[in-house]
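These are my notes from going through the model one element at a time. I begin with confidence, then take the contact and the helices in turn.

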Amino acid sequence: MSVAPDPEAAANAALDAVLDSQWRGVPALVLRSPPGAGKTGVAQRVALQSATYLQQRCMVVTQTNEQAFDLTRRLAENARGMPIYMFAKKSLALPDDLRRSARVVPVHRIGDLPQGPSITIGNAAKWSWVQTPDPMFDMQIVDEAFQLPDYRYQLISNLAPRHALIGDPGQIDPFVNCEIERWRCDPSGPQVACPVALVKRHPTVLQLALPASRRLNADTVSIIQPAFYPDMPFRAMSRDRSVGFQVAGIMPFDAALDGVAGGASIVIVELPPQITGEADSELAQELVASILRLLRRRAWMSDDGRVRDVTAADIGVVCAHVSQVNAVRERLGPGLSEVFVETANRFQGIERPFMFVHHPLSGRADATAFHLDAGRLCVMLSRHRIGCWIFGRQGITEQLTRFDPVGDRALGIDDDPEYQGWRAHLTLLVGLSRANRLFPAVNGRAVSSAA
Amino acid sequence: MADLLHVAARLRALQNGQAVPTVSQRQVVIQPHARILTLMSMAGEDTSVHAAAFGGFGEPAQVFVVADPRRRDDQNALLRELLPLFEDYYAQCRATGTFPQIWVSSTGALGHLDTLADRLRFTDEPEIRRLGELWTYAGERSPVAGQQALISASGALRLHYATGQQEAEDEHLLALLTWIDPPRGRDIFAAVATAEETPMGVKTDPLFDRSSLQPAIDDFHKAGSDAERAFHQTRIQHMLEGVIRPIYTATQRAMALLGQPRWRDNPALDELTQQEGDEFERFMQARDGGHFLPYHDSAKAGAMKIAARERAVTNVEAGMLRHDHAARERGVVKGSVLRGQLVDVREHHLGPWLFEYDLVLSSHQDSLHLRPGDELWLMDGAKLSMEIAEIERRGPFTWVTGRVGDGKRAAKKMSVGPTLDFGPGAPNWRSIGLELGQMSIRLTNEPWTHGDLLPPATPSLHPKPANLRAAIEDLT
């Protein structure tokens with residue numbers, strides 16, 4: 001695959017191809033997107049085209065209610081004043097803006113679904129409880145489709161004859177909470193992400209890719225793309241993403257802050273080595289103190305020409321475990337309540353100018369498939385628009401080199417997720433170390449040699 | 001790492017030179033009529049049965065041996081002998097409204113039985129097929145959370161004890177039993193090394209194969225008369241009985257250990273017993289109805305099985321957290337259970353006869369899997385739920401505030417002071433049936449996405465804007 005010289009022109013060409021495919025009436029389109037490439041925007045445009053020019057009944061499938069709210073918000077701003085239907089259970093509390101919007105029509109019963117050209121949004125679980133074996137729509141758009149396991153997709157796929165599956169193949173695989181050995185050798189098994197399974201069953205379905213990230217800057221793309229998307233080249237569309245400080249750096253952690261101000265969009269902050277298990281109160285404290293320091297130095301940011309002061313709402317914290325999220329949240333206090341803290345699973349589809357990351361392998365004695373998962377790390381390192389600080393205990397590189405991926409692969413399955421995760425982790429750490437992007441924490445000692 | 005309690009127990013076992021009990025309640029259902037099945041395959045013939053030992057709990061084994069399982073007629077004869085044993089046992093269980101339970105020695109033996117069941121279902125002989133179908137019940141249930149149909153003795157013991165060796169080493173049943181009941185005055189590692197010399201898997205020892213079994217099988221094939229053949233058959237029988245009986249006996253020992261009254265009753269198992277009985281009856285009704293058991297699942301069957309398995313995991317976890325003390329403590333350490341002292345009960349008067357209640361708990365747990373909006377249920381006593389509204393750190397404590405949903409009357413009567421546990425709601429096994437029923441409706445017609453044929457493209461007949469992208473951008 002070749003990359004067009006101008007990322008914006010390439011992105012426009014990709015959008016043209018997506019829109020045109022719907023006029024050709026392809027039965028299914030699988031659209032792969034790198035992080036921050038505007039896939040939700042593409043879903044929005046495909047839905048608007050479907051309900052207006054193509055005169056179709058269009059259903060949009062999201063994975064969570066939050067994603068449904070976000071997409072509804074975008075679609076409700078359409079220029080034609082078209083109502084957007086939200087298919088959800090009655091007890092679901094809509095956000096205030098959606099509840100007040102005259103264009104958002106909640107629908108709780110199948111009988112109340114619109115009969116003419118329209119857009120109806122609902123999460124996959126809600127759609128799967130529709131009690132009819134027959135199609136009810138002309139077009140089905142699945143947003144964040146790589147998060148939907150095939151068996152859940154199967155439950156909704158016959159609601160419409162034509163499909164667009166849009167998502168990021170580099171993110172976390174669908175979560176299936178049970179033993180799946182029985183289907184491991186089946187590349188289109190029920191546990192597999194639905195776009196992957198669909199392509200395995202029907203290799204000739206139309207597949208397209210978005211070629212540029214609007215969110216990630218060039219420095220981040222140079223780190224993320226080779227580590228997590230080796231088979232999917234993409235480039236950064238942004239030209240101007242920077243941060244600066246009105247207060248000069250004098251504290252130990254300022255070196256890590258200044259590193260990002262100097263153009264290193266991803267850096268690592270290391271705490272002294274310690275086996276802490278999942279909960280690491282010292283790391284959580286360090287992370288919160290660093291956020292405070294970022295704000296106290298009166299940071300400003302430039303985001304594609306828009307210059308303004310950094311506020312707590314511009315900052316996100318992402319962790320592997322809910323307990324780590326909790327450890328950070330409870331230390332933030334009321335002054336930092338706008339800092340968004342979540343697990344990688346729930347951070348998918350969300351971005352912030354600045355991200356603080358609790359490294360999934362920090363403080364661990366082992367390296368399990370969950371913590372090595374390339375998708376999880378990819379999500380964590382691709383949420384920021386400007387800068388990302390990774391917090392972890394020293395010795396992660398040594399921990400990785402000690403660890404042998406067991407190579408527990410299945411016949412007929414090309415992927416080896418554990419090895420891919422191990423490789424991605426090591427590539428990233430060695431790359432950051434070689435680029436001198438390792439900084440000691442405020443109370444830290446010498447930085448470990450990662451190479 | 002996720003289970004620090006288990007790591008600590010293993011260290012203690014290493015220190016003591018003896019396995020340490022990690023729970024006080026029984027973790028598996030032990031059917032009084034359970035059967036022990038020990039199978040041995042021939043090296044290089046993974047789906048063969050060279051010898052089988054079968055018997056009830058506390059009963060001596062009936063041993064079946066074939067001279068060479070590669071001789072198909074002989075192999076089938078052995079399997080035909082096993083069929084009535086299982087047919088009768090299953091029929092008895094069905095008649096008494098319960099489920100059959102088969103104990104094998106290890107996870108490897110469990111896998112062997114599962115593989116055999118799949119293979120035997122696709123033979124030409126109806127009796128062998130039937131045996132495969134009956135074994136398939138155990139095999140198909142074995143990966144499902146909370147199942148009680150097929151139990152590996154080593155796996156069951158590991159749910160109750162921690163040893164001072166690697167977890168993989170616990171798969172050798174005799175070594176595991178040695179850790180649990182070590183010989184007096186002897187170094188534990190020397191005792192375990194001795195135990196490990198006795199085969200406990202599904203295959204014989206390679207040295208034994210070379211020096212004894214293989215020559216005996218050769219002699220059997222070279223025999224010039226029926227009498228000579230019978231002699232060598234008996235010789236092989238004796239050899240393999242010497243291997244298979246210790247495995248059978250070790251499995252009996254494991255069952256006896258777990259049947260001891262020291263293990264207290266576990267109410268979580270009552271629901272699993274009921275669930276297993278229902279599953280067994282459904283399975284047998286499907287056999288009565290002549291439903292085919294395929295080797296590979298259709299897309300629809302796969303979807304339904306995986307959904308049922310996911311629900312089972314949730315239900316088993318919820319049941320264990322509620323009724324199993326060790327699971328509850330693990331939940332507290334991991335943070336899936338909120339344990340806190342009730343420090344405030346706030347009543348909000350919203351109108352005539354309209355009240356809301358907030359509970360405030362103070363917890364010193366390091367790890368808490370909580371988010372605002374989560375619904376937690378009181379795990380003991382009254383049926384009471386609360387939706388988490390606020391989580392705040394105050395010094396070494398976490399203060400959690402929740403709005404009471406169900407159980408407002410109970411909340412009104414609460415007074416500050418006691419320590420309460422909150423966690424997931426009670427298991428709902430009925431929900432599996434409801435979900436599968438709904439899935440069945442949704443999947444009545446196979447969607448093209450999960451079939452073989454890709455439908456043709458159907459171009460739109462509507463007029464297409466000249467500048468499509470600009471036209472769509474105008475809509476946003």
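**Entry 1: confidence.** I noted that H11(A) is followed by Gly333(A), whose phi is positive, near 75°. The model is predicted, so I looked up its scores before reading anything else into it. The predictor gives the complex an ipTM of 0.86 and a pTM of 0.86. For chain B I find an average pLDDT of 94, with 99% of the residues scoring at least 70. I keep in mind that where pLDDT is low, the predicted coordinates should not be read in detail.

**Entry 2: the contact between the chains.** I looked up how many residues each chain gives to the contact. Chain A gives 59 residues and chain B gives 48 residues. On the side of chain A that touches chain B, the elements giving two or more residues are helix H1 (7–23), helix H2 (39–51), helix H6 (150–157) and helix H11 (322–332). I sorted that side of chain A by class and got 23 nonpolar, 22 polar and 14 charged residues.

**Entry 3: H6(A), burial.** I took H6(A) next and asked how many of its residues are buried. The helix is mostly covered, with 8 of its 8 residues buried. I list them as Asp150(A), Tyr151(A), Arg152(A), Tyr153(A), Gln154(A), Leu155(A), Ile156(A) and Ser157(A). From chain A, they pack against strand S2 (57–62), helix H5 (124–127), strand S7 (162–167) and helix H7 (194–201). From chain B, they pack against H11 and H14.

**Entry 4: H6(A) against H11(B).** I followed the packing across to helix H11 (residues 299–323) of chain B. The axes of H6(A) and H11(B) come within 9 Å and cross at roughly 120°. That angle makes H6(A) oblique to H11(B). I record the crossing as left-handed. On the H6(A) side, the residues that meet H11(B) are Tyr151(A), Gln154(A) and Leu155(A). Their partners in H11(B) are Ala299(B), Gly302(B), Ala303(B), Ile306(B) and Ala307(B). For the spacing I noted the general rule: an α-helix has 3.6 residues a turn, so residues three or four places apart point the same way.

**Entry 5: H11(B) against H14(B).** I stayed with H11(B) and looked up its pairing with helix H14 (residues 430–442) of chain B. Their axes come within 10 Å and cross at roughly 160°. H11(B) and H14(B) are therefore roughly antiparallel to each other, and their crossing is right-handed. H11(B) brings Ala303(B), Met304(B), Ala307(B), Ala308(B) and Arg311(B) to the contact. H14(B) brings Ser431(B), Ile432(B), Glu435(B), Leu436(B) and Met439(B). I count 7 nonpolar, 1 polar and 2 charged residues there.

**Entry 6: H11(A).** I went back to chain A for H11(A), which is mostly covered, with 10 of its 11 residues buried. Among the buried ones are Val322(A), Gln324(A), Arg329(A), Glu330(A) and Leu332(A). What covers them includes helix H10 (281–296), strand S15 (315–319), strand S16 (340–343) and strand S17 (352–358) of chain A.

**Entry 7: Val430(A).** Last, I checked Val430(A), which is found in helix H16 (residues 417–434) of chain A. Val430(A) counts as partly exposed because it has 14 C-beta neighbours inside 10 Å. The C-alpha atoms of Val430(A) and Thr397(A) are separated by 7.8 Å, with the two residues 33 residues apart along the chain.

Conventions. Residues numbered from 1 in each chain as written. Chains lettered and ligands numbered in written order. Predicted model: local features only at pLDDT ≥ 70, side-chain atom pairs only at ≥ 80, totals over all residues. Contact = placed C-beta atoms within 7 Å. Helix = DSSP H or I, 4+ residues; strand = E, 2+ residues; numbered from the N terminus. Nonpolar A, V, L, I, M, F, W, Y, C, P; charged D, E, K, R; others polar. Buried ≥ 20, exposed ≤ 12 C-beta atoms within 10 Å, placed from the backbone. Axes fitted to C-alpha atoms, helices over the stretch in contact; angles between N-to-C directions. Parallel < 35°, antiparallel > 145°, perpendicular 65-115°, else oblique. Left-handed = near helix turned anticlockwise from the far one by under 90°. pLDDT = per-residue confidence, 0-100.
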